[in-house]
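This report goes through one protein model, from a strand pairing to its aromatic contacts. Please keep the structure open while reading.

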Amino acid sequence: MGRVAAPYSGPGRIVSFLTAVPCLSCKQQQRRRRHHQSAAVDRGRRRMSEQGKSGASTPASGTPAPGSDTYKGWLFKWTNYIKGYQRRWFVLSNGLLSYYRTQAEMAHTCRGTINLATAHIDTEDACNIVLSSGGRTYHLKASTEVERQRWVTALELAKAKAIRMMNDQSDDSADEEPTSQSDHSEIQGTLKTLASKLDDLSTCNDLIAKHGAALQRSLSELETLRVPLEGGEKIKAVNERATLFRITSNAMINACRDFLDLAESHSRRWQRVLQHEREQRTHLEETIEQLAKQHNSLERAWREAPTHAVNTPDTPTTDTGVSERPRKEEASDEDEDTEYFDAMEDSPAFITVTATDPSQHRRSQSNLSGASGGQEDNCSVSSNDFSGRELQPRRKRRTQIPEKPNYSLNLWSIMKNCIGKELSKIPMPVNFNEPLSMLQRLTEDLEYYELLDKAARCDNSLEQMCLVAAFSVSSYSTTVHRTAKPFNPLLGETYELDRLEEFGYRSLCEQVSHHPPAAAHHVMSQRGWTLWQEITIASKFRGKYLSIMPLGAIHLQFHASGNHYVWRKVTSTVHNIIVGKLWIDQSGDIDIVNHRTKETCQLKFSPYSYFSREVPRKVTGVVMDSESQAHYILSGTWDDKMESAKIVQSSRGSSSSEGKQKTVYQTLTPKLLWKKYPLPENAENMYHFSSLALTLNEEEEGVCLTDSRLRPDQRLMEAGRWDEANAEKQRLEEKQRAKRRRREAEASEAIDEGRDFEGYRPLWFHQRTDEMTGENIFVYKGGYWEAKDRQDWNMCPVIF
């Protein structure tokens, strides 16, 4: 009987073991619940003491809990008195509060960071939060009081955690007890939990070893008994499984012990290293920001120094060789647009320094526009010969037009239904127009044709490239005050500008497509050059601004050398469409390529920024040969002038804020390439037209029947009869729509009958594949000037 009772002592022990293990687990769960409840009570007390009557709110679904390691969301940040509060994306992580303009900027650009360990958190009213640390203050505003409460809670918890981390890192001993038993940091809590779990596992290990040994003994005794063969095999299998269970349990316990040892030995050291790196990063960011401000201050002091070479007192020269205007004072450090990251975003990739030449100090200021400082000039005329008109016109052109009437109009009532639509498809009253068509505006590119006349006489292709680049910039000088919209040309409308006897060139434009609107332009000069282009205007109204994107390439070929230049226009933006004074800006890059020599010029139009330290409307460029070696630096503004400076030496300079190493070019004294003509007297009351623009709509005898000068609505607007012009404009547009519907019906009928249908074909241009760009463009096919000589316009459609 004693032998029979023995085996049951083992299972009895197993039962006691199985009941003991859940008790240990329950004990840990109860201990963990008490810990969380105590922590929640402490957080609630701190929250109530800090915020008084504000009260806590439960986070909305999908919002990270304020107690988590990372908290993200949108807040409004005070920038300045002009922009007020701006919406920014804030990220709270590891005791640091950082903000970005958008969520996409998190990958590359941080706009600012504040360390909560030393920050003071204050609440002004129901939705405002004020953070201040080390002289930096953030004024933040949440969308609701509940959202403000969540952020305050998250900031307070992050601040407390950051302070505890700073206190913990001062102790290098891995066995040191925390400074306060009630103040458990995250790491201390984790280590204590691991240690407690290890004790439980050790107890379980002892029980498993004890009861497992007893189980094996009992099973061994059962094996010695005389039992059926099948029962013995089952007992043997159970014995093997019990042995395997004990081995696995021992391995698990040993692995847990090793993990805890590693965690205890390394966790404190890792935490200290991480906190040290964060402090070093914050310190470096602040140092770099201070150095950048000091650098800019030194640059301004150097530019404004009276001893600067060849400078007049009122026009200091920048390090890029551009004479610049006095600039405004630096904005406040708390204005995000003046931070180091934004200030250097659009800086050029090179720096120029004017070479010192003793003879320069003896030259007068007027000599700067000529070939000076040993700079070669292989053109047959000096560079400042075109500062006045080369030839006086043989016929007297008009110098004024009727003044613009002062009619009031509710802009928003018209614009609110136009957001997101193509501008050419919006019926606009003439109140937004100027009395010129887009074809005439395109012809205005020839305002400074003398640059191309001079370039045609250049033997040096690099100097010729400089003049071509100046010509490409000069076409924007007439747009600085021209915020009105030109008339959309009717399909088949043309415009000629015949200045052959006066200035040696003839220009012809034709509207070759209506949707999308496209115009073809051809200019032939007797002075050695031909220019042609096809421009398609893509424009979008975005509520606050209007973007105008000219699509298409401009071709320029010089007859003597065969040099063929190609470039494209930049984007024009009209700001303050709804509220404020309208103003226009040009931004983007122009890449000019000489396809014969493979020489290039890269021009950069810097977008205007109120807080930028750069010259407004700045343009910079580099002229390079086919081997990408720079020879000339171009600088200036698209509304005033352009200069070129010959490079005599180049070297690699210091790295920029983006980590890119800048090239330092040492140049000769810059010479003037182009200077804008002053506007005519009373231009502000004549749509800010230039001298050329005033003559574009002047009546001419013998022009084509489709010429823009004969367009009735445009002529009525110029005369100040805007009500009649609006009625006439609506009639012409409806007439054009009827013609388009008729062509579409004819095309549909031809398809149904299986016939070929030939769509609209321009009269003076035909479509060809361009050899340089591979694009299909409309080029002049000839015949217009011959028809004008014969006064034979029978082939012209009646569009007016």
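Two strands pair if DSSP finds at least two bridges between them. In this predicted model, strand β26 (residues 765-769) and strand β27 (residues 776-780) pair in the antiparallel sense, with five bridges. F765 stands opposite Y780 in β27. Six residues lie between β26 and β27, which form a hairpin, and G774 in the turn has a positive phi of about 75 degrees.

The protein as a whole has 14 helices and 27 strands. Of its 800 residues, 44% are buried. The accessible surface is about 41,700 Å², and carbon and sulfur atoms hold 52% of that.

The whole structure contains 19 aromatic pairs. One of them, Y448 with Y677, is tilted because the ring centres are 4.7 Å apart and the planes stand at 35 degrees. This pair links distant parts of the chain, 229 residues apart: Y448 is in the loop between α7 (438-443) and α8 (450-456), and Y677 is in the loop between β25 (671-675) and α11 (691-696). Another aromatic pair, Y784 and W785, is edge-to-face, at 5.0 Å centre to centre and 85 degrees between the planes. Y784 and W785 also belong to one aromatic cluster with W764 and W793.

The residues of these two pairs count as buried because each value in the table is under 20%.

| Residue | Relative accessibility |
|---|---|
| Y448 | 4% |
| Y677 | 14% |
| Y784 | 0% |
| W785 | 11% |

Charged ends also sit over rings. R87 has its charged end over the ring of W74, 3.9 Å from the centre, and K569 has its own over the ring of Y476, 5.4 Å from the centre.

Methods:
Residues numbered from 1 in each chain as written. Predicted model: local features only at pLDDT ≥ 70, side-chain atom pairs only at ≥ 80, totals over all residues. Heavy atoms only, no water. Helix = DSSP H or I, 4+ residues; strand = E, 2+ residues; numbered from the N terminus. Buried < 20%, exposed > 50% of the residue type's maximum accessible area, 1.4 Å probe, protein only. Areas by Shrake-Rupley, 256 points an atom, 1.4 Å probe, with all protein chains shown as cover. Phe/Tyr/Trp six-rings, centres within 6.5 Å; stacked < 30°, edge-to-face > 60°. Lys NZ or Arg CZ within 6 Å of the ring centre and 35° of its normal.
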